[in-house]
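I opened the model today to look up charged contacts, ring pairs and backbone angles. My notes follow in the order I checked them.

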Amino acid sequence: MADVTASPTSTTDAPDTNPWPALWAMVIGFFMILVDTTIVSVATPAIMTGLDTDVNNVIWVTSAYLLAYAVPLLVTGRLGDRVGPKRIYLVGLGVFTLASLWCGLTSTIEGLIVARVLQGFGASMMTPQTMAVITRTFPAARRGPAMALWGATAGVATLVGPILGGVLVDGPGWEWIFFINVPVGVVAFVLALRLVPALPTHAHTFDWVGVALSAVGMFLLVFGIQEGEKYDWGTITGIISVPLLIVGGLVVLAVFVGWQARIEREPLVPLGLFRDRNFSLANGGITLVAFAVTAFSFPVTLWAQAARGWSPTETGLLLVPMALATGFLAPLVGRLVDRVHPRSITAAGFLFSAVALAWLSRVMTPDSPVWQVLLPLALFGAGSAFLWAPLSATATRNLPLSSAGAGSGVYNTTRQIGAVLGSAAVAALIQARLTANLPGAGGSVDEVRTGTGAMPPEVAAQFSDAMAQAVLLPAAAMALGVVLVLFFARPAFARAGGASERAAQ
């Protein structure tokens, strides 16, 4: 039984509270953890040099964070319902801030990967609470502007990360991409402590079997995809092979879905939520967005620093048009979310993004003028503005209040799964394209690792081709999104008495 419940006639869990100060307080922490999803990409060469490691190992700095971020989301969303979103958010923020300090102080690649795992776990406690607070404090018909802020934060953060990372790497050093989180985390903690209300709690059970199945399945799948090229998609050791890991991961995930269908009391993933067509499609859409955003940044930053010889700051500044386009358009899109069919908005966003990435792939050459690179990046930022807020608002519009944490946990989990798979898939594709374009030329990777500037002309062209070909992967993901969102149904923009409390199971 819930410890506290809202009035049966209220449309939110906190009807007498202005929800905006709480949302702004949580947005600071949300922005910080999303920046850390992409900030490492521009610092990759510096980390490889500073910790004396290679490309394959340093990719795990990102993938370990994303994996540790994604897997617990299904539990932490439910935990917020049971204990209270404010408490879980504050604990997660504390863990994230301390782990950031550890990341900056470490002197080995293994230590950095472990610290990033802890960072990801802290982030997994924070993210569902921000979305749950929106769902539980804003009436359904007025969530558009709130989701616009949430979506703009997600979109701008994933684009600002490389810019901020470049400035810090060229300045005080790569360690400061983590140290900077400490003062920001302290400020975010104080503001959340003061401004976020203690919302009603709901009694929930935890499906630990489901947690284990989802964790094992995701790890096997991601490890198999990311390490596949390293082992030539064959045997790793003994009877363990890359195909076995990938197939095993898919089988375990299928068992996980079957288990969720069988469990009678509060499954980890309430499959009933997916009976709502828009919730299902929005989850698929945000998975593709996260896949593409994560997959595109790594080859672009490697190309800029290795083939063009640009500094981390110069590389980060390439992404300024993206951030500006997203930041400028997000508030305008937010005003349309509650008025325009989500199919129209999101189809435009996916189309702009797909065209932008395909265009970018064509101009990633060793001698293309900078302005030719900036134009598709700006278009990609514009496309992003039409995706983050509309997808999140469409997914959560029909969520019952008692399942706000579970629903936001599912949505954020699918988003992070997309990011994890994007990181793993592009890592495998980059290695494959380098092998095809530069057979036996390990010097290209050494140039990236040592940070000695632009490559020799005879190498730069082939390296650029490999990176440009890798960018076509996220372009294809965005093109698939155009087709997906055409099936959105028109949502009910207003309901008598507020959000429906229909059962989610």
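**Entry 1, a charge and a ring.** I started with R116, which lies over the face of Y65, at 4.2 Å from the ring centre. This is a predicted model, so I keep in mind that every value here is computed from it.

I then asked how many salt bridges the structure holds. The search returned one. Its partners are D36 and R116, and the closest N and O atoms are 3.5 Å apart. I looked up where the two residues sit: D36 is in helix α1 (residues 20-50) and R116 is in helix α5 (residues 109-137). They are 80 residues apart, so I noted the pair as a link between distant parts of the chain. As background, side chains of opposite charge can pair when their charged atoms come close.

Next I searched the whole structure for aromatic pairs and found nine. I wrote out one of them, W303 with W310: the ring centres are 5.7 Å apart and the planes stand at 85 degrees. Why is this pair edge-to-face? The angle of 85 degrees is over the 60 needed for that class. W303 is buried, because its relative accessibility of 0% is under the 20% cut-off. W310 is at 16%, and it counts as buried too. I also noted a cluster, in which ring pairs link W60, F219 and F223.

Last, I looked for positive phi in residues other than glycine. Most residues other than glycine have a negative phi. D232 has a phi near 55 degrees, a positive value, and is not a glycine. W233 also has a positive phi, of about 55 degrees, and is not a glycine. Where is D232 found? D232 is in the loop between α9 (208-227) and β1 (235-237). W233 is in the loop between α9 and β1 as well.

D232 is exposed, since its relative accessible area of 62% is over 50%. W233, at 36%, is partly exposed, because that value falls between the 20% and 50% limits.

Note on methods. Residues numbered from 1 in each chain as written. Predicted model: local features only at pLDDT ≥ 70, side-chain atom pairs only at ≥ 80, totals over all residues. Heavy atoms only, no water. Helix = DSSP H or I, 4+ residues; strand = E, 2+ residues; numbered from the N terminus. Buried < 20%, exposed > 50% of the residue type's maximum accessible area, 1.4 Å probe, protein only. Phe/Tyr/Trp six-rings, centres within 6.5 Å; stacked < 30°, edge-to-face > 60°. Lys NZ or Arg CZ within 6 Å of the ring centre and 35° of its normal. Salt bridge = Lys/Arg side-chain N within 4 Å of Asp/Glu carboxyl O.
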